[in-house]
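Let's take a walk through this model, one piece at a time. Have the sequence and the 3D view open side by side as you read.

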Amino acid sequence: MAGARILIVEDEPRIAEVLERYLKAEGFAVERAADGRRALELWRAANPDLILLDLMLPDVDGFEVARAVRRTSDVPILMVTARAEEADRLIGLGLGADDYIVKPFSPREVVARVRAVLRRAAGQVRPPVHHAVGALTVDLDAFQARCGEAPLDLSPAQLRLLATLAAQPGRAFRRAELLEGGSDGFADERTVDAHVKNLRRRLGACADQLETVRGVGYRLRP
Ligand code: CA
């Protein structure tokens, strides 16, 4: 656990600084993001062992960050919120938070929770992230996708997009749900269209499984 990397996502610099100081003093490596977009960039670049995620953020809020992270990762997320009842709801909604802390908190409490969540995560055996939809298979652990036996040549962003669609076959996803943010992600709904178009071209014989749902977005036909 010593040397575990923690990504602090917090828009109030004073709080972020205190957290960083305490966590570093305990031997953790720390990265900081002050908004959701930067949080997703750093999450991809730094591959942290735990995300300490404030909910109320400018731009992309904590809910969106958690949702985007959970599409492809089970990194522990410790939510930070100002309201306990809201936090209860979050856990109930299954948005992917492993635990939560209510503001105002003591930094010592945060450190203790971080340790507890990391300990729990270390003891878990992670199920493989593997989806099969018709002839299409997506394996996020190996970062590979196939149509039948044929391997598909996809970029990381295309693979994540395909994995998102494949996680719920038949469900129509709105373009906004497929936004990723970040430097290699999809910054607006038009780039989602462009990425889907490119993805479809690379699906080979499985291309017709990726359907456009008029007025809504896209789905993967089971
Ligand atoms: Ca905030």
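Start at the metal: the calcium ion has Asp11 (OD), Asp54 (OD) and Met56 (O) as its protein donors, 2.1 to 2.3 Å away. Donors here are N, O and S atoms within 2.8 Å of the metal (3.2 Å for Na, K and Ca), and water is not among the atoms, so sites may look incomplete. Along the chain, the calcium donors are spaced D-x42-D-x1-M. Asp54 is buried at 4% relative accessible area, while Met56 is partly exposed at 48%. The cut-offs are under 20% for buried, over 50% for exposed and partly exposed in between, with a 1.4 Å probe and protein chains only.

Before going on, a word about the ground rules. This is a predicted model, where local features need pLDDT of at least 70 and side-chain atom pairs count only at pLDDT 80 or more, whereas totals for chains, interfaces and linings use all residues. Residues are numbered from 1 along each chain as its sequence is written, and side-chain values use heavy atoms, leaving out hydrogens and water.

Five strands make up an open sheet, ordered 2-1-3-4-5, with strand 2 (29-33) and strand 5 at the edges, each pairing on one side only. Strands are DSSP runs (E, at least two residues), as are helices (H or I, at least four), numbered from the N terminus; two strands pair if DSSP finds at least two bridges between them. Strand 3 and strand 4 run parallel and are joined by four bridges, and Ile51 stands opposite Ile77 in strand 4.

Helix 5 lies across strand 1, strand 3, strand 4 and strand 5, at about 175° to strand 5. Axes are lines fitted to C-alpha atoms, for helices over the stretch in contact, with angles from 0 to 180 degrees between N-to-C directions; contact means heavy atoms within 4.5 Å. Which residues of helix 5 are buried? They are Pro107, Val110, Val111, Val114, Val117 and Leu118. They cover an arc of only 130° around the axis, so they sit on the same side of helix 5; the arc is that of the directions from the helix axis to the C-beta atoms. The face turned away from the buried side of helix 5 carries exposed Arg108 and Arg119.

Further along is an open sheet of three strands, ordered 10-12-11 with antiparallel pairing. Two bridges join strand 10 to strand 12, and Phe173 stands opposite Tyr218 in strand 12. Helix 6 (residues 156-167) lies across strand 10, strand 11 and strand 12, at about 70° to strand 12.
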